[in-house]
Amino acid sequence: MSTWASPSPDHPAAFAARKGRVLLAAGQRELAISWLDRAARLAPEDVFVRLSLASAMAAAGDGHARRLFGEMVRCGGPREAFLGLAILDFRQGKLLEASKTLGTMLQHFAPPEGPAMMKAAEQISEACGLPGWVSSNADGEVTVHLRQGVTAKPTGRINGTDIPFVSVKPSSAGRWSSRLSESQFHGLLSVEAAGLPLLGSPLDVSVLRRLEGVVQALDGGLKGWIRYPADPDKIPYIDITPAGSSPTASFTLATTGLDQDSSAPIVTGGQRWAFQMARQDIPWLGPLHVTCPGGRALFGSPIDPTLDERTALRAAYQLRDVTLAHPGCGHEADYTRPLPAMAPMPQRTPSIVSHAPGIDVIIPVYRGAAEFRACLDSVLLADTGAVRIIIVDDGSPDQELRAEVAAAQKYVGVEVLSHSRNLGFPAAINTGLRGSAGRDVVLLNSDTLVPHGWLERLRAVAYSASDIGSVTPFTNNGSIASYPDPGGNEAPDGLDGLTALDQAAWAANGAGSVELPTGVGFCMYIRYDCLAEVGHLRDDVFAQGYGEENDWCLRARRLGWRHALATGVFVAHLEGRSFGPAKTHLMRRNADILEGLHPGYGTLVRQFHARDPLAPARRAIDIERWRQAKSAAGAIILITHRRGGGVERFVSERAQALRVVGLRPIIMRPSSNTKLAACVLSDGTGANYANLCFALPDEKESLLELLREEGVRRVEIHHLLDHGPEISSLADELGVPFHIAVHDYACLCPRISLLGRNGRYCGEPDLPSCSTCAEDWEEGGDQSDVAGLRVNSRKLFQRAQLITAPSLDVADRLTRHLGTLSSLRVTPWESLQGTDSPLKERHLDMGQDAVLAVVGAIGREKGYDVLLACARDAERRGLPLSFLVVGRTMDDNRLLRTGRVFVTGPYQEGEAEDLLKRHAPAAGFVPSVVPETWCFALTELLKARLPVAAFHLGAQAERLEAVRGSLLLPITDTAPAINAALLEWLGFPTRSSDDANETAIIA
């Protein structure tokens, strides 16, 4: 009677997706949707799993399909999501939405093959009164489908040129085609018939032709991948040409199949096609151009696959010549070695340096018209004076971007330079640099926004010492220059968000600076004298970019130039828009090249991160922003842990309630760095204050100083887990009262939940037994002093102005162990309104399994072992009983292998009720083997109007005693006894069991 098959040892998401598709093929749609939904929850980044799920839901008439299709469409694809959304909207009579969605798909993708696409396009174009629809593939083959009865010949126009169409024969009379030439592969193609535009017109040809791919060297040969995001089924090929040769010297290499690189990010554009070529199969030495049809370069091209081999050979010959000519003097050939990044910097002779007469801001562009427009506007608005803006069009295929670049020439001081084909970021920068002799330059990405006065402030830092060669500002996403989180952050919200951050940086740090091992190329100010001495970027090895500015900075470093970060300047960075999904591969390839050119570079950067000399400057900005957000009404401090769960949910809701009444919640959590006794501040608004991390006790005075400014009214202690002992005296040092909210039993038991060594409720034995249990706890560390814990807890609780317990059961246990607590009050964590209405009637099919739902993150204390034992017993004895876990567990696979448990995977806040409705279980089960203090999972089951079974223990029992139809089980029951009681409760015929079954059914 098993419903669910056991999983393979594959990745859980991969197995779930494969299982779902097999079930779909077998016609078991409901089960398939469950497995595909699980896969989507375990791998939320996999759009193809979500596409399969949405398609299955759409076929089943599930309303969630439209939401899933819509989410994918908003993220750009895949194309089947557009089609699915259009079909659903058309069926629901939303004609305008359907035509817009399908038209957008046709404008940006080659249509998927199959009758669904043909039928949808025909029906939607007919319903809209359009003569038909138009599409194109990545080869520039344009196809027009005219509706039956439309006899007019279609006409097309692109970039002012007419496009002829010919009838496709043998075929229906309404099909026409045309092929664009290479010169027409940029722009918008408008197509109409009988004076009306076709669905899909105008086609964005440059997007339809877009290519993504990467090439890298491998043992003297080549390897890489290529794909057409708009035409994912097209199997591409590449051309390889020696640099400087005519196209006739090239040859074509076919792809070898789908790319199997498991480290690749999952993207919306479909599969990637791999290629590889061994060293012996390449007929030329030296740099190669690796391109797709039409001459478009792959990222990483041009590439010299034998560069390392030839460099080593040249060095060997040089050493031979030197040693033969001068025996014993082989050290004279040391110049053949790479530049060691870790070698000490030479000292430059101090000198008086005059400012350059002007500044050139060099902005290379390739994609992203909107981002470039915003970037240029910010530069034009921010500064005046002797500033020249040099825009370098690096062979952009984007017609809209090229139009923006052309329009920019109307501004005074703007100069435009163009490449006939894409050469890459380093080459584009070098094109701009060639006319900048004697002037300072700024390398600026086209996806940045700059604040007012940025250039003057960067320049001031550059000339604050004679040996500073480059200056980088803070940014949201710029490697070592990132703020507030060094690992990267979302971009600020437009110019207003940028201005706020920049002003905070200036107010906090002024003209301060910190030395860097290397500048960061998104925005790097370079002094003219340093540039003259070091030279330009290397465009021979770094191809389209990433790493070229690091190479330049390390070369400058070897000449004694330092690099600095201007801590009072902030520039926004959207990052990576020109590279797309190929970015990860290009960065990995160029990182290897950089380490080869400058051995030790990675270590140099890691040492910088470990020292983190930018931490004080980042904290200063955080403090400035924190002070600006102060509430005049005062603040409430909420002390909690960092481990999520019900405590995190409660604290988040509490913070929201405080903000509603005008108070500022100050949430204090332990640092995630377990080696550091520190607390981190936040205020529940989503603002990132990653640097407000105070090491205790060393920085306690600094913390208190910041908190005293807030007008703190009181402190609420929700949890002290992972905090240092200093935190419990915070209220006293601030001179305010404190409250305690009891969420578990950490004040009594180092194991927190009263879980005994046998994996069940410990029964709260005498103190020596508790101490022995704590000493045996592997995760307890040095927290085995139960007596000391309770003494400290008693002192703390007796001083509290208010202690809140969510249930009478909790209050009784606290009083039993800590003595009389006059300030103790019982207040439920949630409103119980609506959970006492009549339960849903159960209609059970005695020929099928009864499914019981378990909600939450199920670990040992939440009853994982009980659930596993019950599932195994049900399978072993063939009982009509299965379990549904809405959430996740400590080991999904062991449960799934029983064939009696299905695990949905993690859910977002608010989703549990919907998942319960979708799966329609017969009842709920709370298998927690410890006394819960409240149990949010129980609330979810009651909100779904399900009868619930639980052990006669803790708040779960206290709450269920008031709910008619509930089942309370003895905590001592074994799995056979539990299963027998559950089946009897559900109305199934009683089966004999080896165990006694004493249960309480709430009448």
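Author: Let us begin with burial, where a residue is buried under 20% relative accessible area, exposed over 50% and partly exposed in between, using a 1.4 Å probe and protein chains only. By that criterion F82 and F109 are both buried. This is a predicted model, in which local features need pLDDT of at least 70 and side-chain atom pairs count only at pLDDT 80 or more, while totals for chains, interfaces and linings use all residues. Residues are numbered from 1 along each chain as its sequence is written, and side-chain values use heavy atoms, with hydrogens and water left out.

Reader: How is the ring geometry of F82 and F109 described, and why is the pair called tilted?

Author: A pair of aromatic rings is described by the distance of the centres and the angle of the planes. Rings of Phe, Tyr and Trp (its six-membered ring) pair if their centres lie within 6.5 Å; planes under 30 degrees apart count as stacked, over 60 as edge-to-face and the rest as tilted. The ring centres of F82 and F109 are 5.7 Å apart and the planes stand at 50°, so the pair is tilted. Helices (H or I, at least four residues) and strands (E, at least two) are DSSP runs, numbered from the N terminus. In those terms F82 belongs to helix α5 (residues 79–91), whereas F109 lies in the loop between α6 (95–108) and α7 (115–127); the pair links distant parts of the chain, 27 residues apart.

Reader: How many aromatic pairs does a search of the whole structure find?

Author: The search finds eight aromatic pairs. Another tilted pair is that of F474 and Y483, with 6.0 Å centre to centre and 50° between the planes. F474 counts as buried because its relative accessibility is 0%, and Y483 is buried with a relative accessible area of 1%.

Reader: Which residues lie over the rings of W561 and W626?

Author: A charge sits over a ring if NZ of Lys or CZ of Arg is within 6 Å of the ring centre and within 35 degrees of the ring normal. R348 lies over the face of W561, 3.9 Å from the ring centre. Over the ring of W626 sits the charged end of R664, at 3.8 Å from the centre.

Reader: What does L189 touch beyond residues up to four places away in sequence?

Author: Contact means heavy atoms within 4.5 Å. With residues up to four places away set aside, L189 touches a list of residues including V142, I158, I163, L180 and L203. L189 is placed in strand β7 (residues 188–193), and its relative accessible area of 0% makes it buried. I158 is 31 residues from L189 along the chain, yet their C-alpha atoms are separated by 4.6 Å.

Reader: Where does E932 lie, and is it buried or exposed?

Author: E932 lies in the loop between β37 (923–926) and α29 (936–943). E932 is buried, its relative accessible area being 9%. A polar contact is a pair of N or O atoms within 3.5 Å; within protein, one must be able to donate a hydrogen and the other to accept it, and residues adjacent in sequence count only if both atoms are side-chain atoms. The side chains of E932 and S928 make such a contact at 2.6 Å. E932 also touches K862, G954, A955 and Q956, residues up to four places away in sequence not being counted.

Reader: In what order do the four strands of the open sheet run?

Author: Two strands pair if DSSP finds at least two bridges between them. The open sheet has the order β1-β2-β6-β5, with antiparallel pairing. Its edge strands, β1 (132–136) and β5 (166–167), each pair on one side only. Five bridges join β2 (residues 141–146) to β6 (residues 175–179), and V144 has W176 as its bridge partner in β6.

Reader: Which strands pair with β11?

Author: Strand β10 (residues 212–218) pairs with β11 in the antiparallel sense over seven bridges, with Q216 opposite K223. Two residues separate the strands of this hairpin, in which D219 takes a positive phi near 50°. Strand β15 (residues 273–277) also pairs with β11 in the antiparallel sense, over five bridges; there G224 has F275 as its bridge partner. Six of the seven residues of β11 (residues 221–227) are buried.
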